[in-house]
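The structure is shown first, and the discussion follows it.

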Amino acid sequence: MSATDPVVNLQTLIRCPSVTPAEGGALSALETMLSPLGFSVDRVVATEAGTPDVENLYARLGSTGPHLMFAGHTDVVPVGDEASWSHPPFAAEIAGGMLFGRGAVDMKGGIACFVAAVARHVEKHGPPAGSVSLLITGDEEGPAINGTVKLLEWAKDKGERWDAAVVGEPTNPQTLGDMIKIGRRGSISGFVTVRGIQGHAAYPHLADNPLRVASMMALALMDPPLDAGTENFQPTNLEVTTIDTGNTATNVIPAKASFAFNVRFNDSWTAESLQAELIRRLDTAAADQRLRPGREAIGYEITWSERPSHVFLTRDDALVSSLSAAVETVTGRQPALSTTGGTSDARFIKDYCPVVEFGLVGQTMHMVDERVSVADLETLTRIYALFLERWFANAVA
């Protein structure tokens with residue numbers, strides 16, 4: 001079958017129920033699209049104790065440089081209440097100019113468009129003047145343990161090297177052409193447990209309420225602000241996401257209090273320097289006597305998330321300018337170069353080559369009735385196709 005039509009490509013992928021960590025037939029469908037174009041395809045199953053096995057795909061067209069990677073994922077989040085969908089989530093039905101289905105924008109749509117762009121390039125020009133690869137995981141919406149990280153390691157061990165990468169996540173807030181992601185803030189999560197002494201609420205002198213300190217600690221982490229932002233990034237932001245004692249009685253002082261927090265940090269910090277600053281603030285709050293007069297610093301423990309995401313900024317002018325110019329030529333819009341939002345698999349790819357992100361409009365991702373404009377699929381395919389021409393022309397020159 002021809003892979004030049006992004007609508008047909010996407011319908012094929014959506015009809016594969018690849019809810020994390022199930023492959024669901026999506027990688028097999030992708031292999032069927034890529035093999036006739038001349039891609040060599042490897043299916044890589046990654047494993048780790050205590051986590052589900054995940055199947056991933058790596059495909060390459062060409063054997064020389066320059067080498068461009070396109071990265072994405074075929075796994076999708078659960079559909080939720082299927083009865084709430086106006087169209088079956090895995091039927092890929094089109095209505096009112098919109099294609100409905102789980103993964104339509106996040107991010108089978110981006111993959112479908114990139115495959116169509118490569119197919120059109122091959123049909124029009126033949127293979128690119130270098131190599132194109134697709135690095136596709138089935139674990140982006142899951143724990144991200146057996147996906148991109150291990151697929152990158154596998155490919156590196158095999159001898160693969162890349163000059164640049166595009167991640168096809170839905171980056172546009174409102175309209176196709178709004179935004180290219182050229183970096184991401186870092187992310188760290190922590191869990192703090194404060195140890196007190198349980199007792200009767202009417203006899204506080206016999207107890208030591210850990211909530212008095214936990215509240216001071218949470219405040220100390222948030223105030224004063226960690227920074228005012230930098231040239232390319234928003235201010236670092238810390239959110240306390242839960243506070244708990246496990247206590248259901250109103251007349252009992254709890255024995256411990258716990259709270260969790262997440263920080264999205266800019267390039268004022270490294271993960272290590274930020275952790276040091278947060279511990280300094282926690283130590284100061286633990287010794288604060290305003291709510292516990294005459295008492296020593298209370299004991300606490302902190303546990304960090306195992307894999308902090310590190311902040312990064314892509315400064316590859318050839319990559320950014322080639323993509324920006326393609327977007328502006330096709331849409332007439334000059335895309336904003338942004339570092340906003342959460343994390344993506346670009347946080348892993350940046351250790352191997354310069355990386356940017358550009359895909360569809362993300363307004364319906366993870367929602368009931370996730371959908372994409374059929375017109376946007378054609379527009380994104382044209383952007384990717386023009387980008388391929390310009391990037392390889394610039395890279396070879």
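Ala92 counts as buried because its relative accessibility is 0%, where buried means under 20% relative accessible area, exposed over 50% and partly exposed in between (1.4 Å probe, protein chains only). The model is a predicted one, in which local features need pLDDT of at least 70 and side-chain atom pairs count only at pLDDT 80 or more, while totals for chains, interfaces and linings use all residues. Residues are numbered from 1 along each chain as its sequence is written, and side-chain values use heavy atoms, with hydrogens and water left out.

## Backbone geometry in loops

Ala92 is not a glycine, yet its phi is positive, at about 55 degrees. Ala92 belongs to the loop that runs between strand 3 (67–73) and strand 4 (94–95); helices (H or I, at least four residues) and strands (E, at least two) are DSSP runs, numbered from the N terminus. Asp369, also a residue other than glycine, has a positive phi near 60 degrees. Its loop lies between strand 18 (355–357) and strand 19 (371–373). Asp369 counts as buried because its relative accessibility is 14%.

Two cis peptide bonds are described here. One runs from Asp106 to Met107, with omega near -15 degrees, and Met107 is placed in the loop between strand 5 (98–100) and helix 3 (108–125). Another joins Asp223 and Pro224, with omega about 5 degrees; Pro224 is found in the loop between helix 5 and strand 12.

## Helix 5 and its surroundings

Helix 5 (residues 210–222) comprises 13 residues and spans 19 Å from its first C-alpha to its last, close to the 18 Å expected at 1.5 Å a residue. That expected span is 1.5 Å times one less than the number of residues. At the N-terminal end, Asn209 caps the helix, with a side-chain oxygen 2.9 Å from the backbone nitrogen of Leu211.

The buried residues of helix 5 are Pro210, Val213, Ala214, Met216, Met217, Ala218, Ala220 and Leu221. They pack against strand 10 (186–195), strand 12 (237–244), strand 14 (256–265), helix 6 (271–286) and strand 15 (299–304), where contact means heavy atoms within 4.5 Å.

Arg292 sits in the loop between helix 6 and strand 15. Although an arginine, Arg292 counts as buried because its relative accessibility is 5%. Its side chain makes a polar contact with the side chain of Asp208 at 2.9 Å. A polar contact is a pair of N or O atoms within 3.5 Å; within protein, one must be able to donate a hydrogen and the other to accept it, and residues adjacent in sequence count only if both atoms are side-chain atoms. Leaving aside residues up to four places away in sequence, Arg292 touches Asp208, Arg212, Val213, Ala286, Ala297 and Ile298.

Arg315 is placed in the loop between strand 16 (312–313) and helix 7 (317–331). It counts as exposed because its relative accessibility is 63%. The C-alpha atoms of Arg315 and Ile182 are 7.8 Å apart, although 133 residues separate the two along the chain.

## Cysteines

The whole structure contains 0 disulfides, a disulfide being a pair of cysteine sulfur atoms within 2.5 Å. For Cys113, which is in no disulfide, the nearest cysteine sulfur is that of Cys16, 16 Å away. Cys113 counts as buried because its relative accessibility is 0%, and Cys353 counts as buried because its value is 6%.

## Pocket and cavity

On a 1 Å grid over the protein atoms alone, a cavity is a set of points where a 1.4 Å probe fits but cannot get out, and a pocket is an open set with protein on both sides within 12 Å along at least five of seven lines; lining residues have an atom within 4 Å of a point. Grid points are joined across faces, edges and corners, and a volume is the space filled by probe spheres set on the points.

| Space | Volume | Lining residues, including |
|---|---|---|
| Largest pocket | about 480 Å³ | Arg307, Pro308, Ser309, Arg347, Phe348 |
| Largest cavity | about 30 Å³ | Ser18, Pro21, Glu55, Thr74, Gly138 |

The lining of the largest pocket has 21 residues.
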